[in-house]
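The sequence and structure are shown first.

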Amino acid sequence: MGQMEVRTYDAVIVGAGGAGLYAALRASGRVRTAVLSKVHPLRSHTGAAQGGIGAALGNVEEDRPEWHAFDTVKGGDYLVDQGAALTLAEDAVRAAIELENWGLPFNRTPDGRIDQRRFGGHTRDFGQAPVRRSCYAGDRTGHMILQTLYQQCLKNGVAFFNEFQVVDVLLEGARCHGVVALEIATGSLHVFRAKAVLFASGGFGRMFRVTSNAFANTGDGPAVLARRGVPLEDMEFFQFHPTGLRGLGILITEGVRGEGGVLRNRMNERFMEKYSPRLLDLAPRDIVARAIVTEMREGRGVKGDGSADDYVWLDARGIGKETLEAKLPEIAGFCRTYLGVDPAAEPIPVLPTAHYAMGGVPTDEDGRVRANAADGFYEGLYAAGECACVSVHGANRLGTNSLVDLVVFGRRAGDHLASFAEGAELPEPHGEPGREAEAWLESITAGRQGPHPGDLRDDMERTMTEKVGIFRTGGEMAAALEKLKELRAACHAVGLENRGRAFNYELLDLLELGNLLDLAMVTAASALNRQESRGAHAREDYPERDDAHWLKHTLAWLDGDQVILDARPVDLTRWAPAPRTY
Amino acid sequence: MRVFLLVKRRSSPGGLEPEFARYEVEVEPHERVLDALVRVSRRDDPTLAFRRSCGHGVCGSDAMVINGRERLACKTLIRDVADKDGDVVILEPLRNLPVRKDLVVDQEKFFIAYRSVKPYLVAPEAEAGKERPQTSRERAAFENATNCILCGACYSACLVLRAGKAFLGPSAVAQAFRFNEDSRDRGFEERLQALDKPDGIWPCESKAECTKACPRGLQIARQINETKRRITRHKTLREKS
């Protein structure tokens, strides 16, 4: 292998979804910034978000950021850092207006202001009743946020490196000074030296069999960091969205229920009445997902046989054709395209789908990456968006808060990163950056024989879905952990059949599988460790929340085939933990 | 059922003449063409190159020519293109763009055209912390064009581009329309620099292949025609004054 191309910037941002683009907008005006993305920025998964962005604008009824923050804390089963939740809720208002000012075509009220609708777990007056807080652009709010941010980046001349896959991070002790990335078009490695690096690389739902996530959502950022000794926080909390399209996992937004859709079992019962008497179908997602699985387990799924492909109905007929077409046209299209179902005339068959990682790279409110359970931080290393854990989502994220997270913390991380880079020197690397990545790349492309990576991927997806899914037990998770260790070892022995360099998607697939397996192992180990049920982590062997022992964040380090665990306190300065009823 | 994918392959832009590779693949009629491609690449031929991401028609990665028509591989079901065992599905890269490898095209030309129309809101600073109001009717004037995912299907289907003429291409004009018709925007005159020139909007012959090809239901041909009329109106007014 020849010379590696080395580029130098003040700041490098990995990922060009909502958080990466927002950070790029803030940083690029101040310091020389490069944005690396494995896909063209407009293909990022932020674009698939549907229902809305929560902000207490109060455009259609009284609302307050404080209520939004409280809902976020309670929705997260009190594992949310409360100061960060207040920052999220307060800054959401500014962010929604800023996006509007940049041209985002929100739906409007009759008097021309941003319209708002109901969403799960969002209430007025600390839980009294649902509130209309979600600002939306049809059911493609994420698409419009992604486009608007990308448009602003074009206007401001942000430098993009598209189809660059990050493979390593350059760390000297606690100081980050760049990344190594694979250029997909050529197969060559590039070193990006920088005073500061921000990871905004998105989620990792692809570790599960049925997911709303894109092919690209393979947790590349957190996995690369974990392999270099960076801890991961609260990885046991993974959100299953209650309503994925049966068989495909394609997301059917909670906005359907926000507009009046209801869930029904085979007896046509509105079963959420049993599980959440006050919020009904608009209870938080963990509660609704468990309710669906419980209905199916007890024989009330539509098939009623408890099989893996049983399902329930999402009945959107009451919404009416006109409102469906005006406010939920994408959903109507998905139902028609993939199932041949017209949601105005027939109920939609749905099943929970792996959707969102509450856990990720631990950061403070400015995106600075934590190095340990005390207040130690890396220098020049940032994370934001789904790959990060601030934590504002705690044990369960509320709908619309993912988009809020991206724009609020993407912005803050971009600001802090720029300030840091303005005052920092470019560190001189010891040795030759990128050589380790190069050696590894050579070893897998040198024609070793090994297991078929497709089988490993299937095994991982099945293991995670069956054993680290919506309901969990210690025995199953322990078995999953052992299985994942085997799969990781097998993955390390895989050799590629495709020795080509240009657009080698087999290589990309293998990189992604390695990343997913690393994160799956950390997820399983963190989940096995937490002996309670909280938010999305529901253990049948420990069915109760246990604040005395477990009201704390998990920190997990990947160490060979072991996961080292520690804990970090939760910021509880505002609201005392209370039973979580809806 | 078992179908055959016939995939047009080429290893590099200046490489050998393209040739078709034939893969036999087991699929369900309700599966996506993308599922079949992924299966082939993971099981039979790991050298096969194609882009993919969201898998449900919102990211624009996997636009290609399927049985002669521009479509998204993730939004096209097997039953849309094959009826029975042994049917053949022909997959080719988008037209009017250079092929990088197999089904992967170089979209740079397409994005240069997109960038040239200033596809962003051009407006004076809003009052700090205040929305710019817009009625639902004003929003409806451009809403259709906001569905664009920049997949390139229209660019591939355009007969003007296929004839080798210099033209901005349909999607760039639709994006200009999206902002020109936004009641909050003041950038129409700035966008004229890219639109109102011989290789700008004018080569369009209104054959409407773009509208037919769009997987997102954009009325691109209408948007191009309305933009042409607006430019003509604007120039007439300018000459008069």
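In what order do the five strands of the open sheet in chain B lie? In this predicted model, the order is β2-β1-β5-β3-β4, and the pairing is mixed. The edge positions are held by β2 (19-26) and β4 (69-72) of chain B; each has a single partner strand, so one side of each is left without a neighbour in the sheet. From one strand to the next, the twist averages 35 degrees.

Within this sheet, strand β1 (residues 2-9) and strand β5 (residues 88-92) of chain B run parallel and are joined by four bridges. Leu6(B) stands opposite Ile90(B) of β5(B). The helix α1(B) packs on the sheet, where it touches β1, β2, β3 (63-66) and β5 of chain B. The direction of α1(B) makes about 100 degrees with that of β2(B).

**Sheets of chain A**

Chain A contains an open sheet of three strands in the order β3-β5-β4, with antiparallel pairing. Here β3 (53-54) and β4 (116-124) of chain A stand at the edges with a single partner strand each, so one side of each has no neighbour in the sheet. Two bridges connect β3(A) with strand β5 (residues 129-135) of chain A in the antiparallel sense, and Gly54(A) stands opposite Ser134(A) in β5(A). Helix α2 (residues 65-75) of chain A lies across β3, β4 and β5 of chain A. This helix, α2(A), runs at about 60 degrees to β4(A).

Elsewhere in chain A, strand β13 (residues 312-315) pairs in the antiparallel sense with strand β12 (residues 262-264). β13(A) also pairs in the antiparallel sense with strand β14 (residues 348-357) of chain A. Leu314(A) takes part in both pairings: Leu314(A) is the bridge partner of Leu263(A) and stands opposite Ile348(A) in β14(A).

| Strand pair | Sense | Bridges |
|---|---|---|
| β1(B) and β5(B) | parallel | four bridges |
| β3(A) and β5(A) | antiparallel | two bridges |
| β12(A) and β13(A) | antiparallel | three bridges |
| β13(A) and β14(A) | antiparallel | three bridges |

**The interface of chain B and chain A**

The size of an interface is often given as the accessible area lost when the parts come together. Chain B and chain A bury about 4800 Å² between them, and 48% of this area is on carbon and sulfur atoms. Arg42(B), His56(B) and Glu131(B) supply 15% of the area that chain B buries against chain A, more than any other three residues. The contact takes 59 residues from chain B and 58 residues from chain A.

How many salt bridges cross the interface of chain B and chain A? There are nine. One salt bridge links Arg43(B) to Asp455(A), with the closest N and O atoms 3.1 Å apart.

On the side of chain B that touches chain A, the elements that give two or more residues are α1 (33-44), β6 (99-101), α3 (108-116), α4 (136-140) and α7 (170-180) of chain B. The helix α1(B) gives the most, with four residues. The residues of this side of chain B divide into 25 nonpolar, 15 polar and 19 charged.

Notes: Residues numbered from 1 in each chain as written. Chains lettered and ligands numbered in written order. Predicted model: local features only at pLDDT ≥ 70, side-chain atom pairs only at ≥ 80, totals over all residues. Heavy atoms only, no water. Pairing = 2+ DSSP bridges. Contact = heavy atoms within 4.5 Å. Axes fitted to C-alpha atoms, helices over the stretch in contact; angles between N-to-C directions. Buried area = accessible area lost by both parts, 1.4 Å probe. Salt bridge = Lys/Arg side-chain N within 4 Å of Asp/Glu carboxyl O. Nonpolar A, V, L, I, M, F, W, Y, C, P; charged D, E, K, R; others polar.
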